[in-house]
Amino acid sequence: MVDGAGECGRNPPDREAIKLAPCAMAAQDTSAKVSPTCCARVKQMGQNPKCLCAVMLSSTARSSGAKPEISMTIPKRCNIANRPIGYKCGAYTLP
């Protein structure tokens, strides 16, 4: 692999996952409110669905208590209009 050609460019998904720290509660509980900061970061990262997927499935996200099946609902819960609906992310599909 060429340097800088990962799912998230130069940064590994585990490093990018730190940017989604404001989403921690929303990634553990579907009834938790998703903060505006979380939505802004998910929207930005979601411009590259491969990166967003890799971050949501990363060991950093999992070790923070994030549940992938709940993380996948965050773009919809943020009402992001141009989210990648139906994007396959591991065993999950973005709603």
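A disulfide is taken here as a pair of cysteine sulfur atoms within 2.5 Å. By this criterion the structure, a predicted model, holds four disulfides. Local features require pLDDT of at least 70 and side-chain atom pairs count only at pLDDT 80 or more, whereas totals for chains, interfaces and linings use all residues. Residues are numbered from 1 along each chain as its sequence is written, and side-chain values use heavy atoms, leaving out hydrogens and water.

**Overall fold**

The protein comprises six helices and two strands, which run α-α-α-α-α-α-β-β from the N terminus on. Helices (H or I, at least four residues) and strands (E, at least two) are DSSP runs, numbered from the N terminus. For 95 residues, a compact globule would have a radius of gyration near 12 Å, and the value of 12 Å for the protein agrees with this. The radius is taken over C-alpha atoms, and the globule rule is 2.2 Å times the number of residues to the power 0.38. Along the principal axes, the C-alpha atoms fill a box of roughly 40 × 25 × 25 Å.

**Disulfide links**

Counting bonded cysteines along the chain, the disulfides follow the pattern 1-5, 2-3, 4-7, 6-8.

Because Cys-23 lies in the loop between H1 and helix H2 (36-45) and Cys-38 in helix H2, the pair ties together parts that are 15 residues apart in sequence. Cys-23 and Cys-38 are buried.

Helix H3 also contains Cys-53, while Cys-89 belongs to strand S1 (residues 88-89), so their link ties together parts that are 36 residues apart in sequence. Cys-53 is buried, as is Cys-89.

**Packing and surface**

Of the 95 residues, 38% are buried. Among contacts (heavy atoms within 4.5 Å) between residues at least 6 apart in sequence, 56% join residues at least 24 apart.

Terms used. Buried means under 20% relative accessible area, exposed over 50%, partly exposed in between (1.4 Å probe, protein chains only).
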